[in-house]
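Please read these notes beside the sequence and the structure, and take the points in order.

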Amino acid sequence: MGLVYLIGAGPGDPGLLTVKAKEVLETADVLIYDYLANIEFLSYCKADCEILYVGKKGGDHTLPQDKINELIVEKAKEGKVIARLKGGDPYVFGRGGEEAEELVEAGIAFEVIPGITAGVAAPAYAGIPVTHRDFTTSVCFITGHEDPTKEKTGHDWEVYAKSTSTLVFYMGVKNLPMIAENLIKNGRDPETPVALVRWGTRCNQQSFVSTLENVAAEAAERKFKAPSIIVVGGVCSLHDKLGWFEKKPLLNKGVVVTRAREQASGLVATLGKLGACVFEFPTISIEPVADYAPVQKEIKALANWDWLIFTSVNGVKHFFAQLDESGLDARAFAGLEIAAIGPATAEALVAKGIKPDFVPEKYIAEGVVAGLLEKGVKGKKVLIPRAKVAREVLPEELRKAGAEVKILPVYETGLSENDPGPVAEALESGKINYLTFTSSSTVENFFNLIEPEHFHKYKDSVKIVCIGPITTKTLEGFGFEPDIQPEDYTIPALVEVLVQEAAE
Ligand code: SAH
(Lines give C-alpha, C1' and ligand atoms only; values in the text may rest on other atoms or scores of the structure.)
Protein backbone atom coordinates (compact mmCIF):
# COMPACT_ATOMS: atom_id res chain seq x y z
CA MET A 1 0.00 0.00 0.00
CA GLY A 2 1.15 3.47 -0.81
CA LEU A 3 1.31 6.54 1.33
CA VAL A 4 -0.43 9.83 0.68
CA TYR A 5 0.82 13.18 1.92
CA LEU A 6 -1.79 15.92 2.03
CA ILE A 7 0.43 18.95 1.61
CA GLY A 8 -0.16 22.65 1.93
CA ALA A 9 1.69 24.62 -0.75
CA GLY A 10 1.29 27.97 0.96
CA PRO A 11 -0.29 31.09 -0.51
CA GLY A 12 1.90 31.62 -3.57
CA ASP A 13 5.30 33.02 -2.59
CA PRO A 14 7.44 29.98 -3.39
CA GLY A 15 9.54 30.60 -0.28
CA LEU A 16 6.51 29.91 1.90
CA LEU A 17 6.53 26.17 1.27
CA THR A 18 7.57 24.22 4.37
CA VAL A 19 10.87 22.35 4.50
CA LYS A 20 8.99 19.13 5.12
CA ALA A 21 6.78 19.66 2.07
CA LYS A 22 9.83 20.19 -0.11
CA GLU A 23 11.43 17.00 1.17
CA VAL A 24 8.31 15.01 0.29
CA LEU A 25 8.03 16.58 -3.17
CA GLU A 26 11.62 15.56 -3.87
CA THR A 27 10.89 11.90 -3.28
CA ALA A 28 7.24 11.39 -4.29
CA ASP A 29 6.30 9.04 -7.16
CA VAL A 30 3.15 10.96 -8.04
CA LEU A 31 2.27 14.61 -7.60
CA ILE A 32 -1.37 15.62 -7.76
CA TYR A 33 -1.80 19.38 -7.63
CA ASP A 34 -4.34 22.16 -7.76
CA TYR A 35 -4.80 25.46 -9.53
CA LEU A 36 -3.54 27.77 -6.80
CA ALA A 37 -0.41 25.83 -5.95
CA ASN A 38 2.65 27.57 -7.36
CA ILE A 39 3.91 25.64 -10.37
CA GLU A 40 7.52 26.44 -9.46
CA PHE A 41 7.24 23.57 -7.01
CA LEU A 42 7.06 21.09 -9.86
CA SER A 43 10.78 21.60 -10.36
CA TYR A 44 11.42 19.95 -6.96
CA CYS A 45 10.02 16.64 -8.19
CA LYS A 46 12.30 13.86 -9.28
CA ALA A 47 12.62 13.34 -13.03
CA ASP A 48 10.33 10.32 -13.25
CA CYS A 49 7.63 11.69 -10.95
CA GLU A 50 4.17 11.45 -12.50
CA ILE A 51 2.64 14.92 -12.42
CA LEU A 52 -1.14 15.24 -12.54
CA TYR A 53 -3.05 18.51 -12.61
CA VAL A 54 -6.57 18.36 -11.18
CA GLY A 55 -7.04 22.03 -10.46
CA LYS A 56 -10.08 24.13 -10.37
CA LYS A 57 -10.41 27.62 -11.68
CA GLY A 58 -13.61 29.39 -10.74
CA GLY A 59 -16.52 27.13 -11.54
CA ASP A 60 -14.72 25.12 -14.20
CA HIS A 61 -13.63 21.92 -12.52
CA THR A 62 -10.91 20.00 -14.29
CA LEU A 63 -11.82 16.92 -12.27
CA PRO A 64 -14.80 16.74 -9.90
CA GLN A 65 -13.86 16.13 -6.26
CA ASP A 66 -15.08 12.50 -6.24
CA LYS A 67 -12.90 11.76 -9.26
CA ILE A 68 -9.91 13.38 -7.53
CA ASN A 69 -10.53 11.16 -4.51
CA GLU A 70 -10.75 8.08 -6.75
CA LEU A 71 -7.54 9.02 -8.51
CA ILE A 72 -5.63 9.40 -5.22
CA VAL A 73 -6.93 6.06 -3.94
CA GLU A 74 -6.13 4.32 -7.23
CA LYS A 75 -2.54 5.60 -7.31
CA ALA A 76 -2.02 4.75 -3.63
CA LYS A 77 -3.21 1.20 -4.26
CA GLU A 78 -0.40 0.87 -6.80
CA GLY A 79 1.91 1.22 -3.81
CA LYS A 80 3.11 4.69 -4.69
CA VAL A 81 4.09 7.64 -2.54
CA ILE A 82 1.73 10.45 -3.45
CA ALA A 83 2.17 14.14 -2.84
CA ARG A 84 -1.27 15.75 -2.87
CA LEU A 85 -0.46 19.44 -3.06
CA LYS A 86 -3.09 22.06 -2.30
CA GLY A 87 -2.97 25.84 -2.12
CA GLY A 88 -2.50 27.35 1.34
CA ASP A 89 -3.33 24.79 4.01
CA PRO A 90 -5.02 21.54 2.96
CA TYR A 91 -7.53 21.64 5.81
CA VAL A 92 -8.54 25.28 5.49
CA PHE A 93 -11.30 25.40 2.87
CA GLY A 94 -9.25 22.99 0.82
CA ARG A 95 -11.50 19.94 1.05
CA GLY A 96 -8.49 18.11 2.44
CA GLY A 97 -10.68 16.74 5.21
CA GLU A 98 -12.88 14.97 2.67
CA GLU A 99 -9.88 13.51 0.90
CA ALA A 100 -8.47 12.24 4.19
CA GLU A 101 -11.80 10.60 5.08
CA GLU A 102 -11.80 8.88 1.73
CA LEU A 103 -8.30 7.55 2.39
CA VAL A 104 -9.28 6.21 5.80
CA GLU A 105 -12.26 4.44 4.24
CA ALA A 106 -10.01 2.90 1.59
CA GLY A 107 -7.52 1.83 4.27
CA ILE A 108 -4.73 3.97 2.86
CA ALA A 109 -2.11 5.54 5.11
CA PHE A 110 -1.74 9.30 5.00
CA GLU A 111 0.02 12.18 6.66
CA VAL A 112 -0.80 15.89 6.65
CA ILE A 113 1.79 18.61 6.09
CA PRO A 114 0.06 21.87 7.01
CA GLY A 115 0.68 24.90 4.85
CA ILE A 116 0.61 28.62 5.42
CA THR A 117 -2.97 29.62 4.84
CA ALA A 118 -3.84 32.62 2.66
CA GLY A 119 -6.06 34.05 5.40
CA VAL A 120 -3.01 34.68 7.56
CA ALA A 121 -0.31 35.21 4.94
CA ALA A 122 -2.08 37.59 2.55
CA PRO A 123 -3.02 40.01 5.37
CA ALA A 124 0.52 39.72 6.82
CA TYR A 125 2.02 40.72 3.46
CA ALA A 126 -0.43 43.62 3.37
CA GLY A 127 0.55 44.91 6.80
CA ILE A 128 -2.39 43.39 8.70
CA PRO A 129 -1.78 41.13 11.70
CA VAL A 130 -4.96 39.05 12.05
CA THR A 131 -4.77 39.41 15.84
CA HIS A 132 -3.42 42.32 17.84
CA ARG A 133 -3.97 43.02 21.52
CA ASP A 134 -5.21 46.55 20.88
CA PHE A 135 -7.94 45.43 18.50
CA THR A 136 -9.14 41.87 18.94
CA THR A 137 -8.82 38.72 20.98
CA SER A 138 -9.84 36.21 18.32
CA VAL A 139 -9.95 35.55 14.61
CA CYS A 140 -12.55 33.74 12.59
CA PHE A 141 -12.07 32.11 9.17
CA ILE A 142 -15.25 32.15 7.11
CA THR A 143 -16.10 30.97 3.64
CA GLY A 144 -17.63 33.63 1.46
CA HIS A 145 -18.98 31.04 -0.88
CA GLU A 146 -21.04 28.27 0.63
CA ASP A 147 -21.65 24.91 -0.97
CA PRO A 148 -24.55 25.79 -3.32
CA THR A 149 -26.14 22.35 -2.85
CA LYS A 150 -26.59 22.92 0.90
CA GLU A 151 -30.20 23.35 1.97
CA LYS A 152 -29.60 25.69 4.87
CA THR A 153 -26.85 28.22 5.37
CA GLY A 154 -24.24 27.48 8.00
CA HIS A 155 -23.63 31.19 8.56
CA ASP A 156 -24.96 32.95 11.60
CA TRP A 157 -24.60 36.58 10.52
CA GLU A 158 -25.75 37.85 13.85
CA VAL A 159 -22.93 36.03 15.62
CA TYR A 160 -20.36 37.32 13.10
CA ALA A 161 -21.68 40.84 13.29
CA LYS A 162 -21.73 40.98 17.10
CA SER A 163 -18.43 39.18 17.69
CA THR A 164 -15.21 41.04 18.42
CA SER A 165 -13.26 38.68 16.19
CA THR A 166 -11.30 39.69 13.16
CA LEU A 167 -13.33 38.14 10.33
CA VAL A 168 -11.35 36.63 7.47
CA PHE A 169 -13.38 35.65 4.43
CA TYR A 170 -12.08 33.27 1.77
CA MET A 171 -13.74 33.01 -1.67
CA GLY A 172 -15.81 36.06 -0.91
CA VAL A 173 -15.23 38.67 -3.61
CA LYS A 174 -18.32 37.82 -5.65
CA ASN A 175 -20.46 37.88 -2.55
CA LEU A 176 -18.85 40.95 -1.01
CA PRO A 177 -21.99 43.13 -1.29
CA MET A 178 -24.00 40.41 0.47
CA ILE A 179 -21.33 39.94 3.17
CA ALA A 180 -21.09 43.66 3.95
CA GLU A 181 -24.85 44.07 3.95
CA ASN A 182 -25.43 41.11 6.28
CA LEU A 183 -22.84 42.37 8.76
CA ILE A 184 -24.27 45.90 8.81
CA LYS A 185 -27.86 44.64 8.98
CA ASN A 186 -26.97 42.56 12.03
CA GLY A 187 -25.38 45.41 13.89
CA ARG A 188 -21.72 45.77 12.86
CA ASP A 189 -20.62 49.40 12.65
CA PRO A 190 -20.66 50.52 8.96
CA GLU A 191 -17.39 52.38 9.64
CA THR A 192 -15.54 49.14 10.50
CA PRO A 193 -12.36 48.95 8.43
CA VAL A 194 -12.29 46.24 5.75
CA ALA A 195 -9.28 45.17 3.69
CA LEU A 196 -9.07 43.22 0.45
CA VAL A 197 -5.85 41.48 -0.55
CA ARG A 198 -5.66 39.98 -4.00
CA TRP A 199 -2.96 37.51 -5.08
CA GLY A 200 -1.43 37.85 -1.61
CA THR A 201 2.31 37.11 -1.25
CA ARG A 202 2.78 37.05 -5.01
CA CYS A 203 4.55 39.54 -7.25
CA ASN A 204 1.15 40.80 -8.40
CA GLN A 205 -0.29 41.39 -4.91
CA GLN A 206 -2.72 44.30 -4.57
CA SER A 207 -4.60 45.51 -1.53
CA PHE A 208 -6.72 48.35 -0.25
CA VAL A 209 -8.61 49.31 2.89
CA SER A 210 -12.12 50.69 2.97
CA THR A 211 -15.10 50.53 5.34
CA LEU A 212 -17.89 48.00 5.60
CA GLU A 213 -20.27 50.49 4.08
CA ASN A 214 -18.11 51.40 1.06
CA VAL A 215 -16.02 48.31 0.41
CA ALA A 216 -18.28 46.61 -2.14
CA ALA A 217 -18.45 49.68 -4.37
CA GLU A 218 -14.73 50.27 -4.06
CA ALA A 219 -13.86 46.66 -4.88
CA ALA A 220 -16.04 46.87 -7.98
CA GLU A 221 -14.44 50.15 -8.99
CA ARG A 222 -10.95 48.68 -8.56
CA LYS A 223 -12.07 45.55 -10.40
CA PHE A 224 -10.98 43.27 -7.55
CA LYS A 225 -11.57 39.63 -8.36
CA ALA A 226 -10.63 36.24 -6.94
CA PRO A 227 -8.40 35.11 -5.43
CA SER A 228 -8.76 37.65 -2.66
CA ILE A 229 -8.91 37.55 1.10
CA ILE A 230 -11.34 39.89 2.83
CA VAL A 231 -10.46 41.03 6.34
CA VAL A 232 -13.00 42.79 8.55
CA GLY A 233 -11.95 44.47 11.79
CA GLY A 234 -9.88 47.12 13.51
CA VAL A 235 -6.59 45.40 12.61
CA CYS A 236 -7.09 46.60 9.02
CA SER A 237 -6.27 50.12 10.19
CA LEU A 238 -2.63 48.98 10.52
CA HIS A 239 -2.41 48.36 6.74
CA ASP A 240 -0.59 51.60 5.94
CA LYS A 241 1.64 51.58 9.00
CA LEU A 242 2.77 47.95 8.77
CA GLY A 243 2.63 47.43 5.01
CA TRP A 244 6.00 46.27 3.65
CA PHE A 245 5.60 43.93 0.71
CA GLU A 246 3.87 46.37 -1.60
CA LYS A 247 6.73 48.81 -1.06
CA LYS A 248 9.11 46.58 -3.02
CA PRO A 249 10.49 48.61 -5.93
CA LEU A 250 9.68 46.13 -8.70
CA LEU A 251 6.37 44.80 -7.35
CA ASN A 252 3.88 44.22 -10.14
CA LYS A 253 6.57 44.76 -12.79
CA GLY A 254 6.97 42.00 -15.36
CA VAL A 255 10.61 41.46 -16.29
CA VAL A 256 11.83 39.05 -18.97
CA VAL A 257 15.21 37.42 -18.38
CA THR A 258 16.74 36.09 -21.59
CA ARG A 259 20.00 34.73 -20.18
CA ALA A 260 20.75 31.03 -20.45
CA ARG A 261 19.09 29.07 -17.68
CA GLU A 262 22.50 28.02 -16.36
CA GLN A 263 23.43 31.67 -15.81
CA ALA A 264 20.10 33.21 -14.95
CA SER A 265 19.52 32.09 -11.38
CA GLY A 266 21.32 35.01 -9.70
CA LEU A 267 19.51 37.65 -11.73
CA VAL A 268 16.18 35.88 -11.37
CA ALA A 269 16.57 35.65 -7.59
CA THR A 270 17.63 39.30 -7.23
CA LEU A 271 14.71 40.56 -9.33
CA GLY A 272 12.35 38.30 -7.38
CA LYS A 273 13.54 39.70 -4.04
CA LEU A 274 12.84 43.18 -5.37
CA GLY A 275 9.28 42.10 -6.05
CA ALA A 276 9.37 41.63 -9.82
CA CYS A 277 7.28 39.08 -11.70
CA VAL A 278 10.12 37.35 -13.49
CA PHE A 279 9.55 35.60 -16.79
CA GLU A 280 12.43 33.29 -17.55
CA PHE A 281 12.91 33.04 -21.26
CA PRO A 282 16.33 31.56 -21.85
CA THR A 283 17.26 32.30 -25.43
CA ILE A 284 20.63 30.64 -25.35
CA SER A 285 21.78 27.33 -24.02
CA ILE A 286 25.27 26.53 -22.81
CA GLU A 287 26.59 23.23 -24.13
CA PRO A 288 29.87 21.40 -23.74
CA VAL A 289 32.03 21.24 -26.87
CA ALA A 290 32.16 17.91 -28.74
CA ASP A 291 35.85 17.28 -28.13
CA TYR A 292 37.85 18.26 -25.05
CA ALA A 293 41.13 16.73 -26.23
CA PRO A 294 42.56 20.14 -27.28
CA VAL A 295 41.63 21.56 -23.85
CA GLN A 296 43.24 18.64 -22.06
CA LYS A 297 46.37 19.16 -24.14
CA GLU A 298 46.66 22.81 -23.14
CA ILE A 299 45.91 22.08 -19.50
CA LYS A 300 48.91 19.79 -19.36
CA ALA A 301 51.13 22.48 -20.84
CA LEU A 302 49.85 25.59 -19.09
CA ALA A 303 53.38 26.71 -18.30
CA ASN A 304 53.79 27.48 -22.03
CA TRP A 305 51.54 30.51 -21.62
CA ASP A 306 52.12 33.92 -20.05
CA TRP A 307 48.52 35.09 -19.77
CA LEU A 308 45.23 33.32 -19.37
CA ILE A 309 42.15 35.46 -20.08
CA PHE A 310 38.71 34.38 -18.90
CA THR A 311 35.84 36.14 -20.62
CA SER A 312 32.85 34.58 -18.84
CA VAL A 313 31.71 32.63 -15.81
CA ASN A 314 30.95 29.73 -18.16
CA GLY A 315 34.51 29.79 -19.43
CA VAL A 316 35.78 29.48 -15.84
CA LYS A 317 33.29 26.74 -15.06
CA HIS A 318 34.09 24.57 -18.07
CA PHE A 319 37.84 25.15 -17.94
CA PHE A 320 37.99 24.13 -14.28
CA ALA A 321 35.82 21.10 -14.95
CA GLN A 322 38.46 19.96 -17.42
CA LEU A 323 41.26 20.77 -14.98
CA ASP A 324 39.50 18.59 -12.45
CA GLU A 325 39.01 15.89 -15.05
CA SER A 326 42.76 15.79 -15.65
CA GLY A 327 43.44 15.35 -11.95
CA LEU A 328 44.98 18.82 -11.51
CA ASP A 329 44.01 21.77 -9.35
CA ALA A 330 44.64 25.52 -9.04
CA ARG A 331 48.38 24.94 -8.61
CA ALA A 332 48.50 24.35 -12.36
CA PHE A 333 48.17 28.13 -12.76
CA ALA A 334 51.31 28.91 -10.78
CA GLY A 335 53.45 31.45 -12.60
CA LEU A 336 50.69 32.48 -15.00
CA GLU A 337 49.10 35.91 -15.14
CA ILE A 338 45.33 35.71 -15.14
CA ALA A 339 42.76 38.25 -16.38
CA ALA A 340 38.98 38.32 -15.99
CA ILE A 341 36.81 40.38 -18.29
CA GLY A 342 34.42 41.52 -15.55
CA PRO A 343 33.59 41.23 -11.84
CA ALA A 344 31.37 38.13 -12.17
CA THR A 345 34.12 36.25 -13.99
CA ALA A 346 36.64 37.46 -11.41
CA GLU A 347 34.37 36.22 -8.62
CA ALA A 348 34.06 32.81 -10.28
CA LEU A 349 37.88 32.63 -10.35
CA VAL A 350 38.18 33.67 -6.71
CA ALA A 351 35.75 30.88 -5.82
CA LYS A 352 38.24 28.51 -7.43
CA GLY A 353 41.10 29.93 -5.38
CA ILE A 354 42.49 32.24 -8.06
CA LYS A 355 42.72 36.00 -7.57
CA PRO A 356 42.92 37.47 -11.06
CA ASP A 357 45.89 39.73 -11.74
CA PHE A 358 43.81 42.02 -13.89
CA VAL A 359 40.15 43.05 -14.12
CA PRO A 360 39.52 45.99 -16.50
CA GLU A 361 37.59 49.09 -15.58
CA LYS A 362 35.26 48.76 -18.57
CA TYR A 363 33.79 45.31 -18.83
CA ILE A 364 33.98 44.76 -22.56
CA ALA A 365 36.65 43.29 -24.80
CA GLU A 366 37.95 46.79 -25.66
CA GLY A 367 38.50 47.52 -21.97
CA VAL A 368 40.51 44.36 -21.51
CA VAL A 369 42.66 45.13 -24.53
CA ALA A 370 43.52 48.63 -23.36
CA GLY A 371 44.37 47.42 -19.85
CA LEU A 372 46.40 44.46 -20.99
CA LEU A 373 48.41 46.60 -23.36
CA GLU A 374 49.31 48.76 -20.41
CA LYS A 375 50.36 45.63 -18.54
CA GLY A 376 52.75 44.90 -21.37
CA VAL A 377 51.19 42.06 -23.24
CA LYS A 378 53.33 42.68 -26.29
CA GLY A 379 55.28 39.59 -27.34
CA LYS A 380 53.48 37.51 -24.70
CA LYS A 381 51.66 34.21 -25.20
CA VAL A 382 47.97 34.53 -24.37
CA LEU A 383 45.45 31.70 -24.01
CA ILE A 384 41.71 32.52 -24.04
CA PRO A 385 39.39 29.73 -22.88
CA ARG A 386 35.91 30.83 -23.99
CA ALA A 387 32.86 30.02 -26.13
CA LYS A 388 33.45 28.51 -29.55
CA VAL A 389 31.81 31.44 -31.28
CA ALA A 390 32.32 34.88 -29.75
CA ARG A 391 33.42 38.39 -30.67
CA GLU A 392 36.86 38.49 -32.20
CA VAL A 393 37.81 41.95 -30.91
CA LEU A 394 39.86 40.70 -28.00
CA PRO A 395 42.09 38.20 -29.89
CA GLU A 396 42.40 40.47 -32.91
CA GLU A 397 43.46 43.54 -30.98
CA LEU A 398 45.89 41.58 -28.84
CA ARG A 399 47.43 40.10 -31.97
CA LYS A 400 47.71 43.58 -33.48
CA ALA A 401 49.56 44.63 -30.36
CA GLY A 402 52.06 41.87 -30.89
CA ALA A 403 50.78 39.09 -28.64
CA GLU A 404 50.59 35.47 -29.64
CA VAL A 405 46.95 34.51 -29.04
CA LYS A 406 45.17 31.20 -29.00
CA ILE A 407 41.44 30.69 -28.62
CA LEU A 408 40.52 27.59 -26.68
CA PRO A 409 36.82 26.69 -27.06
CA VAL A 410 35.63 25.23 -23.75
CA TYR A 411 31.88 25.52 -24.32
CA GLU A 412 29.36 26.37 -26.99
CA THR A 413 26.30 28.57 -26.98
CA GLY A 414 23.29 27.39 -28.89
CA LEU A 415 19.78 28.54 -29.51
CA SER A 416 17.71 27.47 -26.56
CA GLU A 417 14.85 25.20 -27.41
CA ASN A 418 12.19 27.34 -25.99
CA ASP A 419 8.50 27.69 -26.48
CA PRO A 420 7.90 31.43 -27.04
CA GLY A 421 4.23 30.84 -26.15
CA PRO A 422 4.13 31.93 -22.49
CA VAL A 423 6.24 35.06 -23.01
CA ALA A 424 4.41 35.96 -26.24
CA GLU A 425 1.16 35.64 -24.31
CA ALA A 426 2.49 37.71 -21.38
CA LEU A 427 3.58 40.42 -23.85
CA GLU A 428 0.18 40.40 -25.50
CA SER A 429 -1.70 40.66 -22.20
CA GLY A 430 0.44 43.62 -21.08
CA LYS A 431 2.16 41.78 -18.23
CA ILE A 432 5.68 42.66 -19.40
CA ASN A 433 7.27 45.97 -18.45
CA TYR A 434 10.94 45.24 -19.05
CA LEU A 435 12.90 43.06 -21.43
CA THR A 436 16.50 42.47 -20.40
CA PHE A 437 19.37 41.58 -22.72
CA THR A 438 22.68 40.59 -21.20
CA SER A 439 24.63 39.77 -24.36
CA SER A 440 24.41 40.09 -28.14
CA SER A 441 23.44 36.46 -28.52
CA THR A 442 20.45 36.92 -26.21
CA VAL A 443 19.26 39.70 -28.55
CA GLU A 444 19.82 37.66 -31.69
CA ASN A 445 18.14 34.60 -30.34
CA PHE A 446 15.24 36.52 -28.82
CA PHE A 447 14.36 37.93 -32.22
CA ASN A 448 14.78 34.50 -33.67
CA LEU A 449 12.03 33.29 -31.35
CA ILE A 450 9.87 36.41 -31.51
CA GLU A 451 9.75 38.26 -34.84
CA PRO A 452 11.06 41.86 -34.69
CA GLU A 453 8.07 42.98 -36.82
CA HIS A 454 5.77 41.42 -34.23
CA PHE A 455 7.64 42.98 -31.33
CA HIS A 456 7.18 46.49 -32.77
CA LYS A 457 3.70 46.78 -31.35
CA TYR A 458 5.04 46.50 -27.79
CA LYS A 459 7.67 49.18 -28.33
CA ASP A 460 5.87 51.77 -26.23
CA SER A 461 4.75 49.54 -23.42
CA VAL A 462 7.86 47.42 -22.95
CA LYS A 463 11.17 49.00 -21.95
CA ILE A 464 14.30 47.36 -23.29
CA VAL A 465 17.28 47.08 -20.96
CA CYS A 466 20.71 46.35 -22.49
CA ILE A 467 23.72 45.51 -20.37
CA GLY A 468 26.26 47.39 -22.49
CA PRO A 469 27.18 49.02 -25.79
CA ILE A 470 27.89 45.84 -27.75
CA THR A 471 24.52 44.35 -26.86
CA THR A 472 22.93 47.69 -27.73
CA LYS A 473 24.57 47.68 -31.15
CA THR A 474 23.16 44.25 -31.89
CA LEU A 475 19.74 45.48 -30.75
CA GLU A 476 19.98 48.47 -33.07
CA GLY A 477 20.63 46.04 -35.90
CA PHE A 478 17.08 44.76 -35.33
CA GLY A 479 15.67 48.29 -35.45
CA PHE A 480 15.26 48.92 -31.71
CA GLU A 481 16.87 51.29 -29.23
CA PRO A 482 17.41 50.39 -25.61
CA ASP A 483 15.44 52.46 -23.12
CA ILE A 484 17.93 51.78 -20.37
CA GLN A 485 21.63 50.94 -20.28
CA PRO A 486 23.70 50.93 -17.10
CA GLU A 487 26.96 52.85 -16.86
CA ASP A 488 28.74 49.76 -15.63
CA TYR A 489 28.29 46.75 -17.86
CA THR A 490 27.39 44.36 -15.06
CA ILE A 491 24.30 42.55 -13.86
CA PRO A 492 24.16 44.41 -10.49
CA ALA A 493 24.36 47.73 -12.37
CA LEU A 494 21.60 46.58 -14.70
CA VAL A 495 19.38 45.77 -11.72
CA GLU A 496 20.16 49.14 -10.17
CA VAL A 497 19.10 51.15 -13.24
CA LEU A 498 15.98 49.05 -13.52
CA VAL A 499 15.04 49.91 -9.95
CA GLN A 500 15.74 53.62 -10.55
CA GLU A 501 13.66 53.56 -13.71
CA ALA A 502 10.77 51.81 -11.98
CA ALA A 503 10.75 54.48 -9.25
CA GLU A 504 10.32 57.31 -11.77
N1 SAH B 1 -6.61 26.11 1.30
C2 SAH B 1 -6.44 27.49 0.91
C3 SAH B 1 -7.77 28.18 0.60
C4 SAH B 1 -8.47 27.60 -0.58
S5 SAH B 1 -9.99 28.40 -0.92
C6 SAH B 1 -5.68 28.24 1.99
O7 SAH B 1 -5.49 27.71 3.08
O8 SAH B 1 -5.23 29.34 1.75
C9 SAH B 1 -9.52 29.55 -2.16
C10 SAH B 1 -9.56 30.95 -1.61
O11 SAH B 1 -8.39 31.19 -0.86
C12 SAH B 1 -9.56 32.04 -2.65
O13 SAH B 1 -10.84 32.28 -3.16
C14 SAH B 1 -9.05 33.22 -1.86
O15 SAH B 1 -10.06 33.74 -1.04
C16 SAH B 1 -8.05 32.55 -0.95
N17 SAH B 1 -6.68 32.63 -1.48
C18 SAH B 1 -5.86 31.63 -1.81
N19 SAH B 1 -4.66 32.10 -2.19
C20 SAH B 1 -4.72 33.44 -2.09
C21 SAH B 1 -3.81 34.50 -2.31
N22 SAH B 1 -2.57 34.27 -2.73
N23 SAH B 1 -4.21 35.77 -2.08
C24 SAH B 1 -5.45 36.03 -1.66
N25 SAH B 1 -6.36 35.07 -1.43
C26 SAH B 1 -6.01 33.80 -1.63
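Predicted model: local features only at pLDDT ≥ 70, side-chain atom pairs only at ≥ 80, totals over all residues.

Which residues are exposed on the other side of α10?

1. Residues are numbered from 1 along each chain as its sequence is written, and side-chain values use heavy atoms, with hydrogens and water left out.

2. On the other side of α10, the exposed residues are K297 and K300, where exposed stands for over 50% relative accessible area, buried for under 20% and partly exposed for what lies in between (1.4 Å probe, protein chains only). Helix α10 spans residues 293-300, and its buried residues are V295, Q296, E298 and I299. Seen down the axis of α10, these buried residues fall within an arc of 165°, so they line one face of the helix; the arc is that of the directions from the helix axis to the C-beta atoms. The cover over the buried residues of α10 includes α11 (313-325), β18 (381-387) and β19 (404-415). Helices (H or I, at least four residues) and strands (E, at least two) are DSSP runs, numbered from the N terminus.

3. E298, one of the buried residues of α10, has a relative accessible area of 8% and forms a salt bridge with K406, the closest N and O atoms being 2.7 Å apart. This pair links distant parts of the chain, since K406 lies in strand β19 and E298 in helix α10, 108 residues apart. K406, at 31% relative accessibility, counts as partly exposed. A salt bridge here is a side-chain nitrogen of Lys or Arg within 4 Å of a carboxyl oxygen of Asp or Glu.

4. The structure holds 17 salt bridges, and one of them joins the side chains of E26 and K22 at 3.2 Å, N to O. E26 and K22 are four residues apart in helix α1 (residues 19-27), and so are separated by about one helical turn. An α-helix has 3.6 residues a turn, so residues three or four places apart point the same way. Both members of the pair count as partly exposed, E26 at 35% relative accessibility and K22 at 32%. Elsewhere, D34, R84, K86 and E99 are linked in a network of salt bridges.

5. A nonpolar patch on the surface is formed by F93, V120, V139, F141 and M171, with about 390 Å² of accessible area together. Patches are made of residues with over 30% relative accessible area and no salt bridge, like charges being joined within 9 Å and nonpolar side chains (Val, Leu, Ile, Met, Phe, Trp, Tyr) within 5 Å. M171 sits in the loop between β9 (166-170) and α6 (176-185), and is partly exposed, with a relative accessible area of 45%.

6. For the protein overall, the secondary structure comes to 19 helices and 21 strands, and buried residues make up 48% of the 504 residues. The C-alpha atoms fill a box of roughly 90 × 55 × 45 Å, taken along the principal axes. The protein exposes about 24,200 Å², of which carbon and sulfur atoms supply 51%; accessible areas come from the Shrake-Rupley method with a 1.4 Å probe, and for residues only the protein chains shown count as cover.

Key:
Contact = heavy atoms within 4.5 Å.
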